[in-house]
Number of protein chains: 2
Amino acid sequence: MKLYNFFRSGTSHRLRIAMNLKGVQAEYIGVDLRREEHRQDAYRAINPQMLVPALVEDGDVFIQSTAIIEWLEERYPDPPLLPRQVRDRAHVRAMASIIGCDIHPLNNRRVLESLRRNFAADAAAVDCWCAEWIGAGFDAIEALLAADRHRGAFCFGEAPGLADVYLVPQVESARRFNVDLQRWPLILAVDAACAELDAFRQAAPGRQPDAGANTGHAGIGVKQASQAPAG
Amino acid sequence: MKLYNFFRSGTSHRLRIAMNLKGVQAEYIGVDLRREEHRQDAYRAINPQMLVPALVEDGDVFIQSTAIIEWLEERYPDPPLLPRQVRDRAHVRAMASIIGCDIHPLNNRRVLESLRRNFAADAAAVDCWCAEWIGAGFDAIEALLAADRHRGAFCFGEAPGLADVYLVPQVESARRFNVDLQRWPLILAVDAACAELDAFRQAAPGRQPDAGANTGHAGIGVKQASQAPAG
């Protein structure tokens with residue numbers, strides 16, 4: 001199995017956590033977004049959407065982290081990321097979706113580039129934009145956590161699951177955008193509980209082979225290094 | 001069952017299609033986003049995220065269209081919205097996620113309002129912004145459809161499914177933002193196939209009880225009509 005990834009991408013990060021929790025291993029192939037490697041033909045042939053992550057197994061290409069994580073859950077059911085009860089599964093998926101649909105897509109690299117390019121957004125305006133969507137989404141998750149009468153150490157119960165997989169990279173991203181997280185003590189408590197676990201620790205951006213500049217890591221871009229960037 | 005909805009919301013629209021395909025009926029309760037009813041206490045008590053749609057059954061509240069539709073699939077498995085094979089399910093979920101995560105969240109009402117408020121975006125700039133994300137996402141879906149050697153009338157095979165549920169409202173939205181759809185003939189063909197089906201027709205925004213202004217429809221806002229808008 002091959003995992004096409006970028007260390008700092010939130011969707012890549014969440015997929016790494018899910019794979020670690022499942023104990024699923026794959027060859028890590030860095031796709032350097034800073035060098036536009038995701039837009040080059042080599043990667044476009046794998047994922048026509050030209051976004052990370054992608055997972056390739058026996059010639060099958062899986063894209064979109066949400067879809068890949070649901071695939072992992074069906075393909076490798078133990079340990080489960082979703083509870084057994086249908087209504088509880090919907091609750092956990094809703095928390096994940098608040099992040100996956102209503103926070104992360106607004107704050108990712110291509111969107112912030114568009115804000116800078118089309119609306120001359122400066123660093124302060126970008127931080128403000130990110131804080132708006134993180135704040136709205138985290139307020140909702142904090143309210144859901146507070147209303148959970150059976151709340152445990154994680155987003156749902158006493159074992160890490162789908163919502164935690166989404167939450168931790170978003171908290172990491174919020175810190176990068178200088179968002180003050182003290183407003184969400186329950187989210188911070190979940191983040192701290194996750195930080196105790198190897199599955200989360202080993203998925204951290206700074207621990208990936210492509211973290212930092214010029215690591216010499218054999219990513220997808222090595223063969224294309226002498227070509228002009230596409231797009 | 002109660003469905004909290006706004007006729008023109010894309011996430012509300014996709015949930016209506018999914019419910020129609022499943023034959024699941026619910027009482028329709030309009031939440032008028034134009035009058036900020038989603039931010040009033042009556043609705044906030046139902047959905048702390050203050051977004052539509054929400055579905056309430058026997059006291060259980062389900063939010064986030066992606067999570068609600070997966071719940072529908074588990075609770076009412078026939079007819080299925082996802083194929084049987086695990087790898088095919090991932091493929092269909094990926095097409096849905098391209099829309100659900102990478103197009104729709106960027107073009108919805110609260111985001112466009114933020115662009116107007118924080119970046120003084122005018123109508124042309126808003127159309128351009130929407131076209132950028134619709135174009136990138138539709139290019140990817142068109143490529144996935146073109147690469148499907150077993151392609152049928154719908155996004156996957158010969159029966160409507162999850163990806164179609166997401167695609168049709170996004171095509172409707174693209175038309176509203178004046179996006180020229182001729183670039184994506186396979187998407188247009190799927191949209192045309194869906195338009196033949198009652199489940200899609202009856203879910204159309206213009207057919208909902210809260211469509212148009214001052215319909216007298218008994219939405220959630222009726223009791224709050226004389227109160228000052230919250231927020």
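Student: Is Glu36(A) buried, partly exposed or exposed?

Tutor: In this predicted model, Glu36(A) has a relative accessibility of 22%. Buried means under 20% and exposed means over 50%. Since 22% falls between these cut-offs, Glu36(A) counts as partly exposed.

Student: Which residue forms a salt bridge with Glu36(A)?

Tutor: The closest N and O atoms of the pair are 3.4 Å apart, and a salt bridge requires such atoms within 4 Å.

Student: Where does the partner of Glu74(A) in its salt bridge with chain B lie?

Tutor: Glu74(A) forms a salt bridge with Arg89(B), with the closest N and O atoms 2.9 Å apart. The pair crosses between chains, and Glu74(A) itself is in helix H3 of chain A. Arg89(B) lies in helix H4 (residues 86–102) of chain B.

Student: Is Arg89(B) buried or exposed?

Tutor: The cut-off for a buried residue is under 20% relative accessible area. Arg89(B) has 18% relative accessibility, whereas Glu74(A) has 25% and counts as partly exposed. Arg89(B) therefore counts as buried.

Student: How many residues apart are Arg183(A) and Asp139(A)?

Tutor: These residues form a salt bridge, the closest N and O atoms being 3.0 Å apart. The pair links distant parts of the chain: Arg183(A) is in the loop between helix H8 (162–176) and helix H9 (185–195) of chain A, while Asp139(A) is in helix H7 (residues 123–147) of chain A. Their separation is 44 residues.

Student: Which residue forms a salt bridge with Arg93(A)?

Tutor: Chain A is divided into domain 1 (2–78) and domain 2 (86–201). The count between these domains is one salt bridge. In the salt bridge of Arg93(A), the closest N and O atoms are 2.7 Å apart, and the partner is Glu70(A).

Student: Which helix gives the most to the side of domain 1 of chain A that touches domain 2 of chain A?

Tutor: Helix H1 (10–22) and helix H3 (65–75) of chain A each supply at least two residues of that side. The leading contribution is eight residues, and it comes from H1(A).

Student: What is the area buried between domain 1 of chain A and domain 2 of chain A?

Tutor: On the two sides, 17 residues of domain 1 of chain A are in contact with 16 residues of domain 2 of chain A. Carbon and sulfur atoms give 60% of the buried area. The area buried between the two domains is about 1500 Å².

Methods
Residues are numbered from 1 along each chain as its sequence is written. Chains are lettered from A and ligands numbered from 1 in the order in which they are written. This is a predicted model: local features need pLDDT of at least 70, side-chain atom pairs count only at pLDDT 80 or more; totals for chains, interfaces and linings use all residues. Side-chain values use heavy atoms; hydrogens and water are left out. Domain bounds come from an automatic or database domain assignment. Contact means heavy atoms within 4.5 Å. Buried area is the accessible area (1.4 Å probe) that two parts lose on being put together, summed over both. A salt bridge is a side-chain nitrogen of Lys or Arg within 4 Å of a carboxyl oxygen of Asp or Glu. Helices (H or I, at least four residues) and strands (E, at least two) are DSSP runs, numbered from the N terminus. Buried means under 20% relative accessible area, exposed over 50%, partly exposed in between (1.4 Å probe, protein chains only).
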